[in-house]
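Please look over the model below before reading my comments.

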Amino acid sequence: MSFIVHSKIGATPLKVSSISKKEYYRKWKEEGRCVNCTLQPPLPDRTKCKKCSERTNAEYQKRKAGRIASQKCVKCSTRKPKRGCISCGHCIKRDFRNYKARQADYQRVREISFKAKWKEPVYQAYGGYRCNCCGQEGEKFLTIDHVNNDGTEHRKEIGKSSWHLFKWLTRNNFPPGFQVLCWNCNMGKRVNRGTCPHKGAK
Ligand SMILES: [Zn+2]
Ligand SMILES: [Zn+2]
Ligand SMILES: [Zn+2]
Ligand SMILES: [Zn+2]
């Protein structure tokens, strides 16, 4: 495959076949150039310059209007749009699937970075991923426990999720009064009036 590359202002366009278009796109993005004209800097957080994105948008709007007028799906332009919509059922489903997948990816990335920033330091400060009562290991089995059983009150104050607690502990320099417990010991402690049944019934 070959395509035309407009490399510099005034220069004769190069015909490129050795490098894929994708690689050029990446290169231009890195160099801070519009991927369409490669002459202007792109708009902030975009890949195209103002002129190019305006033009692409205008073209898109025109195409869209034409498809709506001819009763075709604005996405695939072949199937009939769903009643009350501008795209067909097939395209709606596909877009929704893609959207869901993107959301899931985004969620995963967010979780990983949150974990590194807020969760890891808290567990390290309170003795690592190991239950302070029974010794159960494994991150997913564990939770941060309020030693004096005032967790409900505290959570009301700082927010319900464990992220709120992680942030609060970090910002308060990991104060005493907290420990790592497994869910089992945590629950046992709750139903046994503040002492885990491992340590004797009350
Ligand atoms: Zn441009
Ligand atoms: Zn369609
Ligand atoms: Zn335990
Ligand atoms: Zn226990």
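The points below run from the overall layout to single residues.

1. Basis. This is a predicted model, in which local features need pLDDT of at least 70 and side-chain atom pairs count only at pLDDT 80 or more, while totals for chains, interfaces and linings use all residues. Residues are numbered from 1 along each chain as its sequence is written, and chains are lettered from A and ligands numbered from 1 in the order in which they are written.

2. Overall layout. The protein chain holds 6 helices and 4 strands, where helices (H or I, at least four residues) and strands (E, at least two) are DSSP runs numbered from the N terminus. Along the sequence the elements follow the pattern β-β-α-α-α-β-α-α-β-α. Of the 202 residues in the protein chain, 12% are buried. Here a residue is buried if 20 or more other C-beta atoms lie within 10 Å of its own, exposed if 12 or fewer, and partly exposed in between, with C-beta atoms placed from the backbone. Among contacts between residues at least 6 apart in sequence, 37% join residues at least 24 apart; two residues are in contact if their C-beta atoms, placed from the backbone, lie within 7 Å.

3. Packing of α3 and α5. Helix α3 (residues 89-125) packs against helix α5 (residues 162-171) at an angle of about 65°, and their axes are 9 Å apart. Axes are lines fitted to C-alpha atoms, for helices over the stretch in contact, and angles run from 0 to 180 degrees between N-to-C directions. The crossing of α3 past α5 is left-handed, meaning that the near helix is turned anticlockwise from the far one by less than a right angle; clockwise would be right-handed. On the α3 side the contact is made by Phe114, Trp118, Lys119, Pro121 and Val122, and on the α5 side by Trp163, Phe166, Lys167, Leu169 and Thr170. By class, this contact has 7 nonpolar, 1 polar and 2 charged residues. The classes are: Ala, Val, Leu, Ile, Met, Phe, Trp, Tyr, Cys and Pro nonpolar; Asp, Glu, Lys and Arg charged; the others, Gly among them, polar.

4. Lys117. This residue is in helix α3 and is exposed, with 12 other C-beta atoms within 10 Å. Lys117 and Lys167 are 50 residues apart along the chain, and their C-alpha atoms are separated by 9.2 Å.

5. The buried side of α5. Which residues of α5 are buried? They are Leu165, Phe166 and Leu169. These residues lie on the same side of α5 because they cover an arc of only 100° around the axis, the arc being that of the directions from the helix axis to the C-beta atoms. The cover over the buried residues of α5 includes α3, β3 (142-146), α4 (151-158) and β4 (178-182).

6. Nonpolar core. The largest nonpolar core has 13 residues, and those with the most contacts inside it are Cys131, Cys133, Leu142, Val180, Leu181, Cys182 and Cys185. Such a core is a set of buried Ala, Val, Leu, Ile, Met, Phe, Trp, Tyr and Cys residues joined through C-beta atoms within 7 Å. At least two residues of this core come from each of α5 and β4, and β4 gives the most, with 4 residues. Leaving aside residues up to four places away in sequence, Cys182 touches Cys131, Cys134, Gln136, Phe141 and Leu142.

7. Cys76. The loop between α2 (50-69) and α3 contains Cys76, which counts as partly exposed because it has 14 C-beta neighbours inside 10 Å. Not counting residues up to four places away in sequence, Cys76 touches Cys88 and Cys91. Cys76 and Cys91 are 15 residues apart in sequence, with a C-alpha to C-alpha separation of 7.2 Å.

8. Positive phi values. Asn173 is not a glycine, yet has a positive phi of about 60°. Asn173 sits in the loop between α5 and β4 and counts as exposed, with 7 C-beta neighbours inside 10 Å. Arg193, also a residue other than glycine, has a positive phi near 50°. Arg193 lies in the segment after α6 (183-191) and counts as exposed, with 9 C-beta neighbours inside 10 Å.
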